[in-house]
Amino acid sequence: MPTGQTGYDPSMGRKFIFVTGGVMSGLGKGITAASTGRLLSNAGFDVTAVKIDPYLNVDAGTMNPYQHGEVYVLKDGGEVDLDLGNYERFLGTDMTSDHNVTTGKVYQQVIEKERAGDYLGKTVQIIPHVTDDIKRRIREAAEGTDVCIVEVGGTVGDIEGMPFLEALRQFANEEDDDDILFAHVTLVPYSKNGEQKTKPTQHSVKELRSIGLQPDVLVGRCEERLEEDVREKIALFCDVPTEAVFSNADVEDVYHVPLMVEEEGLDEYVLERLELVAEALPPERRNSRWREIVTRERTGSVDVALVGKYGLEDAYMSIHEALKHAGIERRVDVDVLWVDSDEMREHHTERLRDADGVVVPGGFGSRGTAGKIEAVRYAREHAVPFLGLCLGFQLAVVEHARNVVGLERAHSAELDPDTPHPVIDLLPEQYETEEMGGTMRLGAHETDIEPGTLAARVYGGTSCTERHRHRYEVNPEYIERLETGGLRFTGHADSRMEILERPDHPFFLGTQFHPEFRSRPDRASPPFVAFLDAVLARTGASAGADDGSEVTV
């Protein structure tokens, strides 16, 4: 039951795996955590995940993609860290905004409670008020599941992460030993003479132990598997059994990481340490679908141009993954050709010509939009399969308005406030909005699809539910004029235009929503699969579907 004035209930939840990282950021502790979760799920357990981000932002919604990669959108409208996307893809579950804990969220809650007098005059401090709120959030996110994996963002030793690590120290003292496991992911680099070096791991664990946390499992990120003498050395200096030291070596595809750590025996060690062996499915009865999917043989390859302005793969991670998922389903490799929309005319036009299909993703701001519009025009005029997402959908409208309908200087009011033809305009409910964070049209919304259209064939029905993140829409005053010259709006949410297509084109589809956020390795997004089918039809390449079916486009 809740105790004190903090509202913290230490009785909720069951088994917890806390994943920390050392030496440097970007090691892949999120993939390590997600892979562990995948293996536990294969063994029959209900697994969820929590990502802790120690930044002061309340959520990731206002963060620059250059700094933090894409903003991933959940079904409840939460704008979160991209690692939540990895957890959804690996675990096959839908997360909520409660599964992303930030310093901003925690401090906002504590300060609001202090202002309301909820602490009854107490001096509000990091301990216990902030740490209790952190523990409360973890337990509530874990409620109703068998295992909750908690990834602590950043690197051990960062000042921003100290309250979270202190909360985990307290958390461990409140639980039985067999209900808690600490996994620490570190870098094991090579020296110039080819020797695997353990000193970074030793220092990282020393830092962790100095704040009262002793890792139960160590995972070494390395180019090749850890040598046996290196594992023994790490175990000796870091005070863990040798069998608790595992390799997470480089692989060609992140979806192969669960297979590699399974070969290392990480899942079996975790099950034993958490006393879950008796409840786990025996190895021969565990779900092998993941292995079958990610090791599926490919029969060919295609090139797809991704026309964006953020020169960072993480900024378009979900789109990269959705294209990969479509490739898995059709048994082909999809090679993504990066096209910088800001420099397309000078440096990247050849890549566009070499591509078998064109994807124009979302984004914000006017920089690079001219190149995106030119990419839309190229795909339209040269009958190249085209998929436009969010801003890509809107710029397809702009391109059509300018070059087909003849509305000179037509544009989005967001990108050119002085345009004489704002074919894309602000959503009516946004006019009174002053704050930026969490105020867009966000999360899962249903779209009605016209029967007999490309969109209906893509989705196999007359409705779909996809995730949104936008503040602007197709201007209703221009719809009648826009639906001339081969453009049709075939998906609607009340009066809002959600899907566009061109019946005069082999495959030209735009969506106001982001279908990439719901794509999974074992459940590829319908628009991406249909787009890939059109690419394959154009190139004459062969493909095989998981169930022998294909989308007729």
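Helices (H or I, at least four residues) and strands (E, at least two) are DSSP runs, numbered from the N terminus. I noted that this is a predicted model, where local features need pLDDT of at least 70, side-chain atom pairs count only at pLDDT 80 or more, and totals for chains, interfaces and linings use all residues. Residues are numbered from 1 along each chain as its sequence is written, and side-chain values use heavy atoms, with hydrogens and water left out.

I started with Leu120, which sits in the loop between helix H4 (103–115) and H5. Leu120 isn't a glycine, yet its phi is positive, about 55 degrees. I also looked up its accessibility: Leu120 is exposed, at 64% (buried is under 20% relative accessible area, exposed over 50%, partly exposed in between, with a 1.4 Å probe and protein chains only).

Next up was Ala383, in the loop between helix H14 (369–381) and strand S13 (386–389). Here too I found a positive phi in a non-glycine residue, near 55 degrees. Ala383 is partly exposed, with 31% relative accessible area.

Then I checked Pro128, which belongs to helix H5 (residues 126–142). The peptide bond leading from Ile127 to Pro128 is cis, and its omega is near 15 degrees.

**Cysteines**

How many disulfides does a search of the whole structure find? I got zero, counting a disulfide as a pair of cysteine sulfur atoms within 2.5 Å. Cys464 is in no disulfide, and the nearest cysteine sulfur, in Cys390, is 14 Å away. Cys464 is buried, at 6% relative accessibility. For Cys222, the closest cysteine sulfur is that of Cys238, 14 Å off, so it is too far for a bond. Cys222 is buried as well, at 3%.
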